Every structure is written in structure tokens, then in C-alpha cells.
Amino acid sequence: MIEPGGRIGILGGGQLGRMLAIAAAELGFTCHIYCPEENAPATDVAATSTCAAYEDADALARFADSVDVVTYEFENVPAETARILAEHAPVRPGVVALATAQDRIVEKNFLASHDIPTAPFADIPDEATLVEAVARIGTPSILKTRRFGYDGKGQARIDTPADAIAAYEAIGRAPAILEGFVHFEREISVIVARGRNGATAAYDPVENIHKHHILDQSLAPARISEALADKARAIASHIVTDLDYVGVMGVEMFVLGTDEGGPRLLVNEIAPRVHNSGHWTQDACAISQFEQHIRAICGWPLGSATRHSDAVMTNLIGEDAHDWARLAGQSDTALHLYGKAEARKGRKMGHFTRLYPLGHAPKTLR
Ligand code: AMP
């Protein structure tokens, strides 16, 4: 166990790193942030920071030598960076989890080999394979780059077989995955934690609404049956256990309605880190996803994932954040701002969570 007074290294200086550092401070830890950007949001709330490239082996070694454990707030940590860090300090979640979540084919193969349902998919190394896979999987389908995709970037929809080559061009002919298009009823996610002793704790599934490919709102709990919610939690716990994972993970799922042979769940993607769709836990649970992650990587017992209130979390994107004074005046609303100076279009500036008594979440979102 890493005791209070210990130092946690966080790779990445964005809002997730910032909220991890705040949660770490609540348990008596200090943080050292490592990121290539000057004045990153996480550095405002951390004891120490290093501004250096993720390829700077000397700076990485010095950083890892100065902390008791290293974690990260984004999944695209280069494999070589993780390897160097792991020579100097424990890296949690581990390198296997990182390698699995970084590559959509490795991720889907992992899920399939552990009997976790996903959309039909195919590995696309070249154009000929794409044409054959579109014929087999059918249309509509979605072509996604294997690596570095986020918020809908690196994706192209294929509506007819004749669209296949244009879609391949649109993603820059990068190594890709083809997925059957899922006619989902709703999108949900489960935030799950696994401790060093193998114990797991899964929060209630939430329902996610996207706007312009960016998460807009999360509704806690998701509008699904208790039986399906249990199943979603069980799938998420199964994934972290099979990966021998330590820390918090976000598991995104599609819910299929009765017209698609449901209700049933397909896993879309896993994120080996705290997740935007888990921000509601800061205000609607005794132990937030951020504290839970710190507990897990420090070898502490996990806290309860019980929800004491219903909640709607809304992201403040770009100029939305200018509304802070009005939001600050609203009752039952917790405002979280990330300290970013410039409200650029599409940039996550903060979020707010509105609380409701259990069972009284709004039935419709905006
Ligand atoms: P992803 O980057 O995989 O999380 O995809 C971003 C968004 O695209 C998801 O939240 C879904 O709304 C949509 N999407 C991704 N994959 C599929 C799929 N196979 N079928 C239908 N919609 C999808």
C-alpha cells in the first residue's frame, strides 16, 4: 500500500489529470504531472510538474524515480514511454491494458476471445481485404482507424459497397477495423474499478448523449431495466478481471432494443482511465471515480460505488463555459471548471452535475 504522504505521477496534464490530482490530495497524496504542454490544467493543482516530450527518456526516468506509482489520463501513451516508466516505477493500469485499449483490433479480439459481445468486425490491412469484408459484414458499416481515434475522428461510414474506397481514403488508408453498424436504442457506459487484491466495484450504468461526436450529457442512472443494468456491470467487471487490471476503466456499450433482438448489450470500446461519462460520480456518490482510481493504484481498498442521488452531467464545451455565473446560482448544481484560459470551439472547459433525489432523474434530456 502506498501510504498518505506518497507521491503519484500522472502522465497527461488535462482535466482528467487535474481531477485525479484533486482526489489524490483529499487522501493525503501529492502529485507530479508530466506533460508536454506549458500551463496545463492539471499543473495548477499539483505539487510538481515536468514539461517535457513523451519521447524524452531522461526526463521520463527522472519523473518516474520521483514518484511511488505512475498512472495516466489518456490511452495513447506510446509503448516505449510506458516501457521506460515501468523500469523506474510501477505503472498502473499496466502495459497490457494500455496495449489492448490503444488498438481497436487488439481490443475487439480480446473482447471476442473472452465471450464479450461486440458488433461484427474485421481487421483491414489493405484495400482488397476491405472490399471482401464489406461484402461479408454488409452495409451500413463503419470504418475506423485502429489507433488514435477519438470523438468520432478517424471514422467513416460506409452506406453502400460503392462507398468503401472513398471511406478508406477518408481515413488516410491507415490500418483499420471495419465494424457492422449497430442500430442501437441508446448508448450507455459503466465505470468500473479493480483493486490490487482483485476486488471490483462497478458504478451504475449511465446513458450518454453525444453532440457533434463529443459527449454532451450523461444521465445517471441509464433508462434501462435493473436486469440489464446488472448485466452491464457484470460485463465491465468481467473485462477488468480478465485483463488483470488495476485502476478505473470506462466501458462503453450499445443497448439493442427488442426490434434488434434485444434487450441486449454490445461493448463498443474500453478506456483504460477515468472517463468523462463518470464525472457525475463526484457529486452523486460518496467515492468518485477519481478517488476510486487513486485508491486502486495505491493498493487501498476500493470504496463504495453506490449512487446516493440521481444526476445529469452536462459538459461545458467552448463558449458554453461563459455561462458559469448563471450555473453557479442554480440549486442542486455542482459546477466544475478546468481553469483553461481560452474557450476554443470543441474544447472541454468544464462540466456541471445536477442532482435529483433517487428515482427522480428527468425522464427526458435536453
Ligand atoms: P467510438 O470512437 O468507437 O466511441 O465511436 C464514436 C461514436 O460513433 C459512438 O459513440 C457511436 O455513437 C458511434 N458508433 C461507433 N461505432 C458504431 C457502430 N459499430 N455502429 C453504430 N454507431 C457506432
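Two strands pair if DSSP finds at least two bridges between them, and strands (E, at least two residues) and helices (H or I, at least four residues) are DSSP runs, numbered from the N terminus. The model on screen is predicted, so local features need pLDDT of at least 70 and side-chain atom pairs count only at pLDDT 80 or more, while totals for chains, interfaces and linings use all residues. Residues are numbered from 1 along each chain as its sequence is written, and side-chain values use heavy atoms, with hydrogens and water left out.

**Domains**

Begin by colouring the chain by its domain assignment, whose bounds come from an automatic or database source: domain 1 covers 7–91, domain 2 covers 120–179 and domain 3 covers 186–356. Between domain 2 and domain 3, the C-alpha centres lie 28 Å apart, and their contact (heavy atoms within 4.5 Å) takes 4 residues from domain 2 and 4 residues from domain 3.

**The sheet**

Next select β5, β8, β6 and β7, which in that order form an open sheet of 4 strands with antiparallel pairing. At the edges stand β5 (121–124) and β7 (155–158), each with a single partner strand, so one side of each has no neighbour in the sheet. Neighbouring strands here are turned by 20 degrees against each other on average, direction ignored; for such values, axes are lines fitted to C-alpha atoms, for helices over the stretch in contact, and angles run from 0 to 180 degrees between N-to-C directions. Zoom in on the antiparallel strands β5 and β8, which are joined by 4 bridges, and pick out A122, whose bridge partner in β8 is L178.

**Helices on the sheet**

Keep α5 displayed and bring in helix α4 (residues 95–102): the two pack at an angle of about 105 degrees, with their axes 5 Å apart. That makes α4 roughly perpendicular to α5, where angles of 65 to 115 degrees count as roughly perpendicular, under 35 as roughly parallel, over 145 as roughly antiparallel and the rest as oblique. Show side chains for A99, T100, A101 and Q102 in α4, which meet R104, V106, E107 and F110 in α5. By class, this contact of α4 with α5 has 4 nonpolar, 2 polar and 2 charged residues.

**Backbone exceptions in the loops**

Most residues other than glycine have a negative phi, and most peptide bonds are trans. With that in mind, go to the loop between α6 (127–137) and β6 (141–145), where P140 is found; a cis peptide bond joins T139 and P140, with omega about -5 degrees. Then move to P221, in the loop between β12 (214–220) and α8 (226–242), where a cis peptide bond with omega of about 5 degrees joins A220 and P221.

For positive phi, select R173, in the loop between α7 (164–170) and β8 (176–180); R173 is not a glycine, yet its phi is about 50 degrees. R173 is partly exposed, with a relative accessible area of 38%, given that buried means under 20%, exposed over 50% and partly exposed in between (1.4 Å probe, protein chains only). Finish at H213, in the loop between β11 (206–211) and β12, which is likewise not a glycine and has a positive phi of about 70 degrees. At 57% relative accessibility, H213 counts as exposed.

Methods. Nonpolar A, V, L, I, M, F, W, Y, C, P; charged D, E, K, R; others polar.
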